[in-house]
Amino acid sequence: MKLLSLIRFLRKPLKTTKTEHLDRPQQPAAKQSRQIMYSDLQQNLDKLRSIYSNCSDIIIRSFVIGGHTQAIMMYIEGLADSESIEEHLFVPLIEGEAGDGQDLAYLKKRITLAQIMEFNTFEQCVEFLSNGYPILIVDKITQGLAFGLSKWEKRAIEEPSAEAGIRGPREGFTETLRVNTSQIRRIIKSPHLKMESITMGEYTQTRTVIAYIDGLADLTVVDEIKKRLQEVQIDGILESGYIEELIRDHPFSPFPLMLNTERPDVACSNLLEGRVAVLTEGTPFVLVAPITLFSLMQTQEDYYQGYWYGTMTRLLRYCFTLISLLLPSFYVAVLTFHQEMIPGSLLVSMASSREEIPFPALVEVIIMEVFFEALREAGIRLPKQIGAAVSIVGALVIGQAAVQAGLISAPMVIVVALGGISSFMIPRYVAGIAIRMLRFPLMMLAGTLGLAGIMMGLILIVLHLCKLRSFGVPYLASITNPQLKELKDVLFRSPWWMMNTRPRLTGGYNKYRQGNRQMSASWEEEE
Amino acid sequence: MKIRLMVMTLCLACISLAGCWDRTEINDLAIVTGLAFDRGKDDRLIQLTVQIFIPKSQKGDSTDGGSAGESPHTIVRYEEGYNAADALSKLQRTTSRKLFWGQCKVFIFSDAVATAGIREHFDFLVRHPQPRERAFMFVSKGKASEALRLLPPMERTSAEVLRELAKNKIGIGVTLEELSIMLKGESRSAVLPIIRILPPEKPADSLQTNPFILGTAVFKKDKMIGEISEKVTRGVMWIRNDIEEYTVTFRPDQHQGDVSLNPVKASVKLIPKIEGNKWKMTIKVRTEGDMIQNGTLSNPMNPDFLNQLEQAFAEDVQGRIQLALREVQQGLKADIFDFAQAFQGKYPRQWEQAKDRWEELFPKVEVRTDVKAYISRPGLTNSPGGVTEEEVSDS
């Protein structure tokens, strides 16, 4: 029911955009030409010329096949491999090795290329062209041929910068969809790995791929994701963030309900747990759904570095998440309402350091937090060379000068800095943003109602978390049903030989991930 | 949606429109570190003295070192009133900041106030929400406010000195909560440590010194009925099982020189017995200590000598306990050892009948002491230090 109502919510804005489109006099080019091709070459040429009017990057080359049949070759400069076109198409066609061009089937036989596709509408023709395939249209034939010779400049596979690690594969996803799918396919070789393609975006015609493992993933979730993707009607998809926002549940929640990752190994580990990945052309960030809150607290390295390390860092992460969320507000609450709680000698030194501060603690903390957010944002946007300067100035201005000028008290600097740095302990940047945002209302509550206010805020946050569903999976799934089996990969990271079952809600279809009695077998060996 | 918006605005309004938040910045607080009760100008009045911490005084410490030591860390304000609450409200009138009791850990009664009875003031301390139950209570010799006026050279405030001293359990340390339990208990008597002021090093600045604990005030019901010396206090602490870290020095028979033990650990049991009309009490003490100084010329590893030592140790402890019993049980007749509790626990029926006569019964209780003392470790060396093997005597 929940999902349905959400879809309905999604539909509303989409409908309005649709009608707007109809009102417009000019229709988008891609929509215009859903018609069969002519048999006359000149007519076809005119049609394509009008579709691609004022497109300087289109190359149209008329020539004669085998000495008497007129034909044209079209491709987009920079998207197709012009050297191969010359070698594999023009040479055999013009020199007659490929026959006289009357028979398309014979042509196909003679051309030494792996991928040759036929099409018979202008729409398909445009699609092939924009994907970089050179197309061949022959006079008197109502079909065209597209050749798999697309080739464009792309970034090499590099180490993912947003998800660095010490141990583990160094490859990251790139902007090219096919490279990304190949990276996944290289890890999961089983044909059970399915990759369904959907094209989105009126103008961008962005290809997205839904990847899942047949037999592990819940097919209703796959269908639901497919359905939501198909419902999206938008002019363009530039990044997977668009998709995430458009198809997520609970559109107003600050918490991420889909994971994004730059790492093929992370995507694959999620696929193996029965989750679904959505790859998008043009971005290295792959979406994963459905997730729980605890997916955001896991990093690939927890699983590579040994379970003691994994458990320790994970607990540390939970601690610092709480510190990041609560420390500034707790400090404000204690300082303005509950002075009795502070140990005597600490209160005395706090009183001394706050003696000349003109602001109330709440104002002070908000100033500092806003400063911190600004510095963080400025640090991201600036070129690397200036970034260092900003951090030095920021540290000096905020850390030292503000304290010496008597504007900000020294303990406050420590509190804000600790809270800010703790938020970066959360491995997923999006989750860190959510936590950092929620700090502000908590601070206001702490400044007005003290610890009672913080408690109220926390209760509200927990209630909200309980309500969240990511594609039908409760956000707090693992701890609302507290069994040791469910907690094995949540609070601590169990050794691999104990993680015999997949998470219940995403991998329930195929429960066991290891051989029968592997765990007991390993014990027997030791004895 | 509309309802949701309305609820949200209402909630926001509740928070922001209330106006009178009970928010207080630390800058608006006068942190009270100690409170003293003195007799006022006439009998009906009491004088209340508070010691307030000055936050500004800390400021310069790190940056301009030298001059910081000069400025005092505390100021003292006093006011008279009919009772504590009245005096405090007057005190607030002259103080620019709100008096904050949350960190007040020292309450001092002058001996005059203590003799007159502390019930009324005590009620204020336990009833008012701010004073802490874990604050320490004292009785001062002479005016109580004098102790708060001092500017101790070592600690930040003189109240802190007192708190540290009481915490270390060198003498008897009594918190507000413990005093409350003592006063409510079956024996209806209590003890509080007595503070005096250490003579200052340089007589010129008479404030540059600190208070210290010496002796104990004995209370019957809420009135102070007398005081016992430091030596007797030791005995009392043995019986009350308050001994924690403590040095015992004694001279074994037939030997020249003293032996000191430290730290002394003790377990004390009060075993009551009623035989017909006779109420009896056995104080069973089992104690052990490590030798830290051996003034004799004998080797403590010698079992004979060790036996003598242990016997002497036991006798010393017994002597202290008996001195305390003599002074307190016979002299002051106040049951600060809480024998009453022991009898009540074991003989509840007899206790119910005798409860009202306890005051006359208590001095007649026959007390037997049974001390077992052990010396567990001789310290880092065996034979007496600083002498050759030949000089060590055999026994």
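Colleague: What percentage of the 527 residues of chain A count as buried?

Modeller: This is a predicted model, and in it 33% of the residues of chain A count as buried.

Colleague: What makes helix H7 of chain B mostly covered?

Modeller: The helix spans residues 158-167, and eight of its 10 residues are buried. Among them are B:Val161, B:Leu162 and B:Leu165, along with B:Glu160 and B:Arg163. Each of these has 20 or more other C-beta atoms within 10 Å of its own, so each is called buried.

Colleague: Which residue with a positive phi follows H7(B)?

Modeller: That is B:Lys169, with phi near 60 degrees.

Colleague: Why are S9 and S10 of chain A said to pair?

Modeller: Pairing needs at least two bridges. Three bridges join strand S9 (residues 276-280) to strand S10 (residues 286-289) in chain A, so the two strands pair. They run antiparallel, and A:Val278 stands opposite A:Leu287 in S10(A).

Colleague: In what order do the strands of the open sheet in chain A come?

Modeller: Five strands form it, in the order S6-S7-S9-S10-S8, with antiparallel pairing. Strands S6 (193-200) and S8 (259-261) of chain A are called edge strands because each pairs on one side only. From one strand to the next, the twist averages 25 degrees.

Colleague: How many helices and strands does chain A have?

Modeller: Chain A has 21 helices and 12 strands. Its C-alpha atoms fill a box of roughly 100 × 65 × 45 Å along the principal axes.

Notes:
Residues are numbered from 1 along each chain as its sequence is written. Chains are lettered from A and ligands numbered from 1 in the order in which they are written. This is a predicted model: local features need pLDDT of at least 70, side-chain atom pairs count only at pLDDT 80 or more; totals for chains, interfaces and linings use all residues. A residue is buried if 20 or more other C-beta atoms lie within 10 Å of its own, exposed if 12 or fewer, and partly exposed in between; C-beta atoms are placed from the backbone. Helices (H or I, at least four residues) and strands (E, at least two) are DSSP runs, numbered from the N terminus. Axes are lines fitted to C-alpha atoms, for helices over the stretch in contact, and angles run from 0 to 180 degrees between N-to-C directions.
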